[in-house]
Each structure stands twice: as C-alpha cells, then as structure tokens.
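Got a minute for a quick look at some ring contacts and the strands around them?

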Amino acid sequence: TASGSNRFRRAIVTGFGATGNTSPSSPHGRMADAGPEDLVDETPGYKAPAKVDIDTLKNLDAEDEALNRWKAQLLAPASGNSDDPRKVIVTSMALVVAGRDDIVLDLQGDLSQLKANPIQVKEKSEYRIRISFRIQHEVVSGLRYVHGVYRKGIRVAKDNHMLGSYGPKDEEYSAMTPVEEAPGGMMARATYTVKSSFIDDDKESHLSWEWHLKIAKDW
C-alpha cells in the first residue's frame, strides 16, 4: 500500500535498520516476527463472511438474479485435482515495472533457491507485485498478500494487501498490488530480505517464501 511504501522509505531515511537502531515498538531492539499473521492489518469496515460449502452457496437466495450471475461467475465448473488437498496453489510472483520485462519468481519449485538471485530495482522506481494462483475444492475468502521487509535482521516495513475472494477454477487467477515506490538515496542502497505470505480470512497461510530485493543506483 502507499502507506506501506512510505514506511519503507521513512525507515531508511531515519536510519532505522541501516545502523542497527532499535525499533521504537520493540524493547528487544527489533520488531517481533511471530509469523505471517503478524503482518496482517485489519481492513476497516471489512467483516469476514461466514463459511458455507459450495452447495449451500449455490442455493442461497436463488431468486436473486444479480446474485445468481455473481455466483455463476464465482462457482464456475472446475475439475481441480482430487489428490491434491490444497485449496490455494500459488504458482508465481512477478515484480512489474512499466516499460521493463517482468521479473518472475517460480513458486512451485525449491523456494530456498529464491534468495540466491536478488531482484535488483533502481532506487525510486515505481513497481507492483503480481501473484498468480489457482483455487480448487472450495471458495476461499479474503485472500491477502502480506510481506515484511528486513535489513540486517530488523524489520523495517510491512505491507498488507487485500486481494478478495475467489472460487474454484481450472485457469489461473492473477492479482496485482497497488503501485509501490522503492526508497532512494545512499542509505537505501542495500539488499533486503522480503518474507512473503499468501493468507486468507482464517489466517491460514497457503504459501510463505523469502526473496531478496536489492535497491541499486541503476538497473
């Protein structure tokens, strides 16, 4: 979010994380890192819907034509994979910059290798993150992409993006985060560890992965 990227830039400008300064919110010199749920900010005015199975949802308010059209789109037939119990299969993440080729991370292989090749971004560049995923078996509500940004082991920023609710579908979905701006200046040029997660209303993490973001003077 814009506020998230502002926190990222402000943390760098004030030197937090660059010189080992302590986090103002932590008595132990670093922000707590309890897990993906620690990165979730509640969306004002949003209340998670009650969970219902697909058959119940199909028959809900059957006389409402507008609702039926929405349900037909959400509950389109999908074969899925009965041998795979996962409801959400996250396939890739891409860093998207206007005028440049997308930088894509494959999230179906060995996730431990993602940190071997940092994604380099020019300082003050605007970028978005695109997540590609499939849904099977049931409707998943309140999917969110969240991440924490760390420098020298200290969390300097976190972002929390509500993406919405999705029904089973054979084809992949794609969701984009709002535009972010990379921090700039000599103090900002460094390699950051980003801990990302894809979670839902129940705080269930469908995938967590770590990658490195390098802020540089140029591409």
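What follows is a short tour of aromatic pairs, charges over rings, and strand pairing.

Keep in mind that this is a predicted model. Searching the whole structure turns up 5 aromatic pairs. One cluster takes in F133, Y166, Y173 and F198, and F133 is a handy place to start.

**F133 and its ring partners**

- Take F133 with Y166: the ring centres are 5.0 Å apart and the planes stand at 85 degrees, which is over the 60-degree cut-off, so this pair counts as edge-to-face.
- F133 belongs to strand β4 (residues 126-135) and Y166 to strand β6 (residues 154-166), so their contact ties together parts 33 residues apart in sequence.
- F133 is buried, at a relative accessible area of 0%.
- Y166 comes in at 12% relative accessibility, and because buried means under 20%, Y166 counts as buried too.
- Now F133 with F198: here the centres are 5.1 Å apart and the planes are at 55 degrees, so the pair is tilted.
- F198 sits in strand β9 (residues 191-199) while F133 is in β4, so this pair links parts that are 65 residues apart in sequence.
- Like F133, F198 is buried.

**Charges over rings**

- The aromatic cluster includes Y173, and the charged end of K169 sits over the Y173 ring, 4.9 Å from its centre.
- Over at Y150, K195 lies over the face of the ring, at 4.7 Å from the ring centre.

**Strand β5 and its neighbours**

- Is β5 (residues 140-151) buried or exposed? Buried: 12 of its 12 residues are, so the strand is largely enclosed by the rest of the structure.
- On one pairing, β5 runs antiparallel to β6, with 10 bridges joining them.
- Within that pairing, Y150 has R155 of β6 as its bridge partner.
- The β5-β6 hairpin has 2 residues between the strands, and K152 takes a positive phi there, near 55 degrees.
- β5 also pairs with β9, again in the antiparallel sense, over 7 bridges.
- In that β9 pairing, K195 stands opposite G148.

**Putting it together**

How values were computed
Residues numbered from 1 in each chain as written. Predicted model: local features only at pLDDT ≥ 70, side-chain atom pairs only at ≥ 80, totals over all residues. Heavy atoms only, no water. Phe/Tyr/Trp six-rings, centres within 6.5 Å; stacked < 30°, edge-to-face > 60°. Helix = DSSP H or I, 4+ residues; strand = E, 2+ residues; numbered from the N terminus. Buried < 20%, exposed > 50% of the residue type's maximum accessible area, 1.4 Å probe, protein only. Lys NZ or Arg CZ within 6 Å of the ring centre and 35° of its normal. Pairing = 2+ DSSP bridges.
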